[in-house]
Amino acid sequence: MSIDWICKHHTDLGKQQLYALLTLRIEVFVVEQKCPYLETDGQDLEGDTCHLMAWRDGELVAYRLLDPESQGGDVVIGRVVIAPSARGEGLGHALMVQGLAQAEKHWPGCRCTCPHRRTCRPTMRGTGSRWPGRRIWRMASRTSACAGLDASPARPAPTG
């Protein structure tokens, strides 16, 4: 089963896509991880925020938020989540590679930061980017790891 990678600016998200990503985040962060915080905090629809989604057979299986404004121009890699049904398939690494490629595409030469180092650091291995021991790293040029991932949807994902 192939993964359809879709990256959309928040103004281009359909209501079904927004509902799916909020549902996945609540399922994992609030229910599974027992972190009861307001998931609808407004960051999803602010500024130049983009949403990277991985769809398989109409199900959202991985997601991450790309926010270039909340940290003074650095791209924040946030809300990284893999659906319970898709864990153990290497999607965390693929999601990081796709996210770095999308960040470079939308904001060339940007610096990226991940507020949750423990989550992001293991998935950085093999992406061509280095982790300098602090929370910010410079974008690497496209890596061979990116070439192995199909960034264009092979079949339609939910549009609305």
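User: Is Leu100 buried or exposed?

Analyst: The model is a predicted one. In it, Leu100 lies in helix α2. A residue is called buried when its relative accessible area is under 20%. Leu100 has a relative accessibility of 6%, and therefore its class is buried.

User: What distance separates the C-alpha atoms of Leu100 and Ile77?

Analyst: Along the chain, Leu100 and Ile77 are 23 residues apart.

User: Is Gln102 buried or exposed, and which residues does Gln102 contact beyond its neighbours within four places in sequence?

Analyst: Gln102 also belongs to helix α2, which covers residues 91–106. Its relative accessibility is 12%, so Gln102 is classed as buried. With neighbours within four places in sequence set aside, its contacts are Cys7, Leu52 and Leu66.

User: How many residues of strand β4 are buried?

Analyst: Strand β4 spans residues 74–82, which amounts to 9 residues. The strand is mostly covered, and its buried residues number 8.

User: Which residue in β5 is the bridge partner of Val75?

Analyst: Strand β4 pairs with strand β5, residues 111–113, through 2 bridges. The sense of this pairing is parallel. In β5, the bridge partner of Val75 is Cys112.

User: What is the handedness of the β-α-β unit made by β4, α2 and β5?

Analyst: The two strands of this unit, β4 and β5, pair in the parallel sense. Together with helix α2 they make a β-α-β unit, and its handedness is right-handed.

Definitions and conventions. Residues numbered from 1 in each chain as written. Predicted model: local features only at pLDDT ≥ 70, side-chain atom pairs only at ≥ 80, totals over all residues. Heavy atoms only, no water. Helix = DSSP H or I, 4+ residues; strand = E, 2+ residues; numbered from the N terminus. Buried < 20%, exposed > 50% of the residue type's maximum accessible area, 1.4 Å probe, protein only. Contact = heavy atoms within 4.5 Å. Pairing = 2+ DSSP bridges. Right-handed = clockwise from strand over helix to strand, strands pointing away.
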